[in-house]
Amino acid sequence: MKCPDSIRALDRDDPLAHTIDQFELPAQTQYLDGNSLGPLPRASRQRLAEVTEQQWGQDLITSWNKHDWINLPRKVGDRIAKLIGAAPGQVVCCDSTSVNLFKVLSTALQVQAPHGRHRIISQQDNFPTDLYMVEGLNSLLGNNRCELVSVHADQLISSLDDSVAVLMLTQVNFRTGHCHDIRTLTEAAHQAGALVIWDLAHSAGAMPLSLDEWQVDFAVGCGYKYLNGGPGAPAFVYAATRHHGVSSQPLTGWMGHAKPFEFSPSYTAAPSIDQYLCGTPSVLAMSALDAALDVFDGVSLDVLRAKSLALSDLFINTLRAADCWQEFTLLTPMEHTRRGSQVALAHPQGYAITQALIADQCVIDFRAPDVIRFGFTPLYLRYEDVWLAAQKLIRIVDTQTYLQPEYSRAKAGPVT
Ligand SMILES: *Cc1c(COP(=O)(O)O)cnc(C)c1O
């Protein structure tokens, strides 16, 4: 397939062209799944070798001071803070997104309990772990102190009454790619006396964010998606300074203690964002993420966002011009302000089409029952990759290649 010159020209003029080479990507492959697992940054490979051979291998336990391992969660947190519009001292890198949700949900409920507020409003189609974590907290606290109310997206604002403690949402829907307006929803929640928790799993590293300016209370997000920190990379948690020291989260491990190395028999929460730490950080994993963030140095998130939208526009418009377009339902909004960094297409044969595309070296993923997801990651995708992905999809659907039996077989483990 010959890529049109007009598309090659977009790659030639791409202000982010220089970041592509900072990743190791398999040859001849279009990787449109960086919204699920970012690829390997060369800097992370190098840092892992260094940390393993010198720091762990030679310097051993002295590395906690010598290589400042002990401050890694704050240091990486402050680097992530820059990507989400937060002043330093409000983000730490630690644990998983799910665990961090538990911490901020607990804090928010404690802050709101004296006001008689106990409901958590969320969306029915939020990422399941977010809802599950509320269920877990509910099993500890009971319905009078923690009650989950999940509603349809268009009922969020009308559900805010004086029983609501928290509005807990994911900015970009993992299935449809629909993007919420954080500023408007945060304002509405605050006007109703509720706090907000934003899950930025599909936003951090994908678009500019201004958490401080938008007066967000708490946020969490993933290290292994758009931040490219590697499989199972530690997550992050944001708590606005005004909430520090007001109440403490209940996973009171020693790393969140005001003075962990005094080994006191009783817990005193650190007065800072450190209180969101729990146990010893995973130094190897966090070092890989730290190095992965180098790619963002000098990158304007506005430029990144503009390229992300241009890539998803190119993809949608290329498909729209094809006859097979009528077989798909576009789940992702066309309006830029409502679109995240992915495109979701529903098709009755979505699973088999996904498998056929992967076999054709275009890596994407599928979400039951019928959603095919394409992630657009401007740091390492070229316009040509996106054009090629669209051509492959068109060919597979036109020729019905996906009907071959090997593409319908269910796989064990995550469906990608
Ligand atoms: C990927 C994702 C998570 C993942 O949570 P982990 O605890 O890191 O597994 C959470 N929330 C959303 C919205 C996600 O997309």
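Q: How far apart do the C-alpha centres of domain 1 and domain 2 lie?
A: The C-alpha centres of the two domains lie 30 Å apart, in what is a predicted model, where local features need pLDDT of at least 70, side-chain atom pairs count only at pLDDT 80 or more, and totals for chains, interfaces and linings use all residues. Residues are numbered from 1 along each chain as its sequence is written, and side-chain values use heavy atoms, with hydrogens and water left out.

Q: Which residues go into domain 1 and which into domain 2?
A: The assignment gives 5-31 + 299-408 as domain 1 and 50-296 as domain 2, the bounds coming from an automatic or database domain assignment.

Q: How many residues of each domain are in contact?
A: On the domain 1 side 26 residues are in contact with 18 residues of domain 2, where contact means heavy atoms within 4.5 Å.

Q: And what area do the two bury between them?
A: Domain 1 and domain 2 bury about 1800 Å², with 61% of it on carbon and sulfur atoms; buried area here is the accessible area (1.4 Å probe) that two parts lose on being put together, summed over both.

Q: How many salt bridges are there between domain 1 and domain 2?
A: The count between the two domains is zero, taking a salt bridge as a side-chain nitrogen of Lys or Arg within 4 Å of a carboxyl oxygen of Asp or Glu. By that rule the count comes to 23 salt bridges.

Q: Which residues are linked in a network of salt bridges?
A: The network links Arg47, Lys75 and Arg79 with Asp290, Asp294 and Asp297.

Q: Switching to pairs, what does Arg339 form a salt bridge with?
A: Arg339 pairs with Asp313, and their closest N and O atoms are 2.9 Å apart. The pair links distant parts of the chain, 26 residues apart, with Arg339 in the loop between β11 (329-330) and β12 (342-346) and Asp313 in helix α10 (residues 301-320). Helices (H or I, at least four residues) and strands (E, at least two) are DSSP runs, numbered from the N terminus.

Q: Are Arg339 and Asp313 buried or exposed?
A: Both Arg339 and Asp313 are buried, a word that means under 20% relative accessible area, with exposed being over 50% and partly exposed in between (1.4 Å probe, protein chains only).

Q: What about Lys103 and Asp95, where the side chains meet in a salt bridge?
A: Those side chains meet at 2.6 Å, N to O. Lys103 counts as buried because its relative accessibility is 0%, whereas Asp95 counts as partly exposed because its value is 33%.

Q: Why does Glu384 count as buried?
A: Glu384 is buried because its relative accessible area is 14%. This residue lies in helix α12 (residues 383-398), and Glu384 touches Cys3, Ile7, Arg8 and Asp11, not counting residues up to four places away in sequence.

Q: Now Thr107, what does that residue touch?
A: Leaving out residues up to four places away in sequence, Thr107 touches Phe218, Ser247, Ser248, Gln249 and Tyr276. Thr107 lies in helix α6 (residues 97-112), and Thr107 counts as buried because its relative accessibility is 0%.

Q: Last topic: which residues make the nonpolar surface patch?
A: Leu48, Trp56, Leu60, Ile61 and Leu284 make a patch of about 500 Å². Patches are made of residues with over 30% relative accessible area and no salt bridge, like charges being joined within 9 Å and nonpolar side chains (Val, Leu, Ile, Met, Phe, Trp, Tyr) within 5 Å. Trp56 has its place in helix α3 (residues 42-59), and Trp56 counts as partly exposed because its relative accessibility is 48%.

Key:
Accessible areas come from the Shrake-Rupley method with a 1.4 Å probe; for residues, only the protein chains shown count as cover.
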